[in-house]
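This report covers the fold, the surface and the side-chain contacts of one chain. The sequence and model come first.

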Amino acid sequence: MSSKGVTVARLDPTRSPKLTEAQQAELKALAAKPDGDIDVSGVPVLPDAFWENAVSNPFYKPLKKQLTVRLDADVLAWLRAAGAGYQSKLNSILRQAMLKDAARR
């Protein structure tokens, strides 16, 4: 699309362009290096002020895994008593516990 010398390109994130063989080789070599051997001298150091208003990625959605878990009957009854979404409620409770535990470490 072009209008008065301005070109607009749209990138579909679900259909990224194919990498060349050289790009693939470069990524493979980089992945094989230990972190300490990667030259990051061109990456600017961000000041602490940059991170003061930082937020978690609002588009992050963890992958869900299906599993079987055994719960005490009264715990399950309590979860289900609130109605639909008891599995999400259980996930939320476990996530809070996980984050609290991670903050203590």
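The text below goes from the overall dimensions to single contacts.

This is a predicted model, in which local features need pLDDT of at least 70 and side-chain atom pairs count only at pLDDT 80 or more, while totals for chains, interfaces and linings use all residues. Residues are numbered from 1 along each chain as its sequence is written, and side-chain values use heavy atoms, with hydrogens and water left out.

**Overall form**

The chain has 4 helices and 2 strands, in the order β-β-α-α-α-α from the N terminus. Both kinds of element are DSSP runs numbered from the N terminus (helices: H or I, at least four residues; strands: E, at least two). The radius of gyration is 23 Å, whereas a compact globule of 105 residues would have one near 13 Å. This radius is taken over C-alpha atoms, and the globule rule is 2.2 Å times the number of residues to the power 0.38. Along the principal axes, the C-alpha trace spans about 65 × 45 × 35 Å.

**Exposure**

Accessible areas come from the Shrake-Rupley method with a 1.4 Å probe, and for residues only the protein chains shown count as cover. Of the 105 residues, 1% count as buried. Buried means under 20% relative accessible area, exposed over 50%, and partly exposed in between. Values for some residues follow.

| Residue | Relative accessible area | Class |
|---|---|---|
| V69 | 49% | partly exposed |
| F50 | 48% | partly exposed |
| D101 | 29% | partly exposed |
| S88 | 54% | exposed |
| R105 | 79% | exposed |

V69 lies in the loop between helix 2 (48–51) and helix 3 (73–81). With L67, L71, V75, W78 and I93, V69 forms a nonpolar surface patch of about 550 Å² accessible area together. Patches are made of residues with over 30% relative accessible area and no salt bridge; like charges are joined within 9 Å, and nonpolar side chains (Val, Leu, Ile, Met, Phe, Trp, Tyr) within 5 Å.

**Side-chain contacts**

K89 lies over the face of W78, a patch member, at 4.1 Å from the ring centre. Such a charge has NZ of Lys or CZ of Arg within 6 Å of the ring centre and within 35 degrees of the ring normal.

The structure holds 1 aromatic pair. The ring centres of F50 and W51 are 4.8 Å apart and the planes are at 85°, so this pair is edge-to-face. Rings of Phe, Tyr and Trp (its six-membered ring) pair if their centres lie within 6.5 Å; planes under 30 degrees apart count as stacked, over 60 as edge-to-face and the rest as tilted.

The whole structure has 1 salt bridge. The side chains of R105 and D101 meet in it at 2.9 Å, N to O; the criterion is a side-chain nitrogen of Lys or Arg within 4 Å of a carboxyl oxygen of Asp or Glu.

Methods: Buried < 20%, exposed > 50% of the residue type's maximum accessible area, 1.4 Å probe, protein only.
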